[in-house]
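Reader: Before we discuss any one feature, could you show me the model and take me through how it should be read?

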Amino acid sequence: MEEMKRLACIAAVVVLTASSASAIKVEKLTKTRVLASGGVAVSDVEVVSGEAKVLFKDGLSLADRKAALAGGGFGFVQELPGTDGWIHVTLPSGMSVSVGISKLSLVAGVIQVAANNAYRPVKIPNDPSYSSQYHLATINAPAAWEYEIGDSSGVTIAIMDAGIEGTHADLSGKLTGTSQFCDPGASKVIGGDNVACAANNPPTAACNHGTRVSGVAAASSNNGTGVAGVSWNANLISYKVFRDGDCNTDCSSTGVNSCATDDTSIINALAHIQANVNNNPARAVVNISIGGASACDPGVQTAITNAFNAGMVIVVSAGNDGGQVNAPAICDNTIPVGATDSSDNIASFSSRGAKMTTDGVVAPGVNIVTTDVGGSYTSAASGTSFSAPVVSGIAALILAEKPAFTAAQVKANIRGGTDGIGVAALGLPAGAKVPFGATAGAGRVNAFRTLKLTAEGTLAGFEGDQKVIAFPNPFRPTTHGAVTITIPLGLQSTNTKIRIYTMTGEIVRDLKATTSWDGKNDAGNDVASGVYLILAKTDAGDQKARVAVIR
């Protein structure tokens with residue numbers, strides 16, 4: 001627990017009522033601390049109401065300490081065992097923890113004061129297919145959800161796509177505002193209405209693509225139904241930019257018309273989002289899981305720049321041709337997103353290039369489990385189309401945690417919180433000088449690191465930056481699906497080899513360069529409950545870590 005010095009900075013508290021008289025009551029305590037860089041980090045933590053802990057200077061008897069506390073109106077609970085003198089105390093009725101800490105610091109003989117921090121079970125949603133959603137474990141979503149599930153402030157993810165199936169049980173409750181159809185081509189002018197975007201509410205789907213994308217970003221979560229989204233509580237709004245008659249269910253051409261959209265539809269949709277979503281574009285994340293052209297259209301670029309300057313975070317799939325990043329991801333002021341598979345390898349189809357180095361990240365995008373049309377679900381959503389909404393969901397979590405963040409700050413924290421996924425993941429010869437960023441951008445997104453960076457302003461002290469760690473730990477395969485092994489920057493190099501051993505030294509699984517483990521041995525059988533040793537070795541050295549498996 002964090003110890004608070006006599007002169008710690010303490011701000012206002014908000015009391016949250018408990019569900020019953022016997023339940024622990026908690027409140028949020030805002031703490032500030034000076035960073036080594038000279039800045040200040042501010043974070044809210046939950047603490048137990050009406051309680052605190054104190055440490056007296058040496059040499060005072062227990063009776064003297066009790067008397068000093070009583071003189072200030074504080075109650076003695078116990079001297080906490082194994083803490084070298086810390087005492088659990090109660091505050092006068094109705095006194096907030098922030099005030100209590102200030103007053104306790106003035107009690108004669110007290111040298112340190114700390115809140116009684118509150119802890120909760122790690123947030124694991126009860127959606128039936130959660131354990132099959134490997135991408136959530138890969139990006140350390142459960143730990144990120146301890147910071148934020150998207151409910152602290154309203155954020156809307158605008159899905160510019162083929163339309164959301166508005167009746168889907170895992171999506172209908174997330175819809176907000178009035179979804180739109182922004183007609184591509186000149187038909188709106190030829191038809192005489194000259195309307196760029198018109199209401200499509202509740203939204204309908206021209207094909208399955210937008211419904212699948214939406215579920216990845218923000219399916220209703222912890223509702224006992226279907227799947228979980230990256231952002232549990234972000235709102236969704238559909239901006240359909242494809243015509244119904246142009247697309248088959250799988251988003252292929254009908255044979256008569258091409259299942260495609262155009263620059264004008266993208267421009268009109270961006271302008272409409274900027275003018276209408278949340279009445280505040282800085283509360284909007286735009287997911288664009290479409291691509292095609294090799295260069296950014298000047299009109300599209302202007303629309304994106306204006307939207308970005310208004311505060312909109314614009315996340316775009318990098319492309320699926322294995323070549324250079326497609327448009328509109330190639331445009332300035334976007335976050336292009338490439339794809340990885342369940343083994344943290346870069347997908348062969350994932351587009352790459354200089355734009356990834358300067359602006360991009362990668363995220364899971366192969367065989368993603370998500371929502372589908374017809375009120376159903378799929379386990380076969382593959383493409384950068386489905387890695388992009390992973391990042392959009394993380395962006396929504398950031399804005400829920402820090403509503404005042406600019407689009408540039410959101411982008412910086414997404415890139416700043418990534419994991420290096422190992423040179424071997426690039427499929428290039430050992431020892432080669434690999435343009436890692438051109439393939440993986442800043443790295444594979446890690447929601448936990450990103451939310452820690454967002455909430456605390458620093459990753460200082462994050463042990464994954466110094467040593468190999470496994471998360472979640474303990475690892476429950478039936479609940480978590482896979483455990484992610486984080487390789488610190490100092491160990492990242494060529495010839496990556498990761499192996500799992502029993503504590504007696506018997507090899508269990510050779511993961512090669514894969515940084516996730518599903519709890520099975522090399523024969524494909526489930527390992528027994530117990531503690532296992534992880535050995536990670538590269539040309540830069542080797543490190544060990546442990547992970548507890550619980551069946």
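Author: Let us begin with the surface: the protein exposes about 21800 Å², of which carbon and sulfur atoms supply 52%. This is a predicted model, and of the 551 residues of the protein, 53% count as buried.

Reader: What is the mean pLDDT of the protein, and where does pLDDT stay under 50?

Author: As a general idea, where pLDDT is low, the predicted coordinates should not be read in detail. In this case the mean pLDDT of the protein is 84, and 85% of its residues reach 70 or more. Residues 1-22 stay under 50, although the model has 50 contacts beyond four places in sequence for them; pLDDT also stays under 50 over residues 422-435, for which there are 20 such contacts.

Reader: How many helices and strands are there in the protein?

Author: The protein has 14 helices and 24 strands. Among contacts with a separation of 6 or more, 68% are accounted for by residues 24 or more positions apart.

Reader: What order do the strands of the open sheet have, and with what pairing?

Author: In general, strands of a sheet pair through backbone hydrogen bonds, either parallel or antiparallel. Here eight strands form an open sheet with mixed pairing, in the order 10-9-11-8-12-13-14-15. Strand 10 (197-199) and strand 15 (361-364) are the edge strands, each pairing on one side only, and the twist from one strand to the next averages 30 degrees. Within this order, strand 13 (residues 313-317) pairs with strand 14 (residues 335-340) in the parallel sense over three bridges, and V316 stands opposite P336 in strand 14.

Reader: Which strands does helix 7 lie across?

Author: Helix 7 (residues 263-276) lies across strand 8 (156-161), strand 9 (180-182), strand 10, strand 11 (235-240) and strand 12 (284-288), and runs at about 165 degrees to strand 8.

Reader: Is helix 13 mostly covered or mostly exposed, and what is found at its start and after it?

Author: The general idea is that an α-helix has 3.6 residues a turn, so residues three or four places apart point the same way. At the start of helix 13, a side-chain oxygen of N446 reaches to within 3.0 Å of the backbone nitrogen of F448, and the helix is followed by G457, whose phi is positive, near 80 degrees.

Note on methods:
Residues are numbered from 1 along each chain as its sequence is written. Side-chain values use heavy atoms; hydrogens and water are left out. pLDDT is the predictor's confidence in each residue, from 0 to 100. Contact means heavy atoms within 4.5 Å. A polar contact is a pair of N or O atoms within 3.5 Å; within protein, one must be able to donate a hydrogen and the other to accept it, and residues adjacent in sequence count only if both atoms are side-chain atoms. Helices (H or I, at least four residues) and strands (E, at least two) are DSSP runs, numbered from the N terminus. Two strands pair if DSSP finds at least two bridges between them. Axes are lines fitted to C-alpha atoms, for helices over the stretch in contact, and angles run from 0 to 180 degrees between N-to-C directions. Buried means under 20% relative accessible area, exposed over 50%, partly exposed in between (1.4 Å probe, protein chains only). Accessible areas come from the Shrake-Rupley method with a 1.4 Å probe; for residues, only the protein chains shown count as cover.
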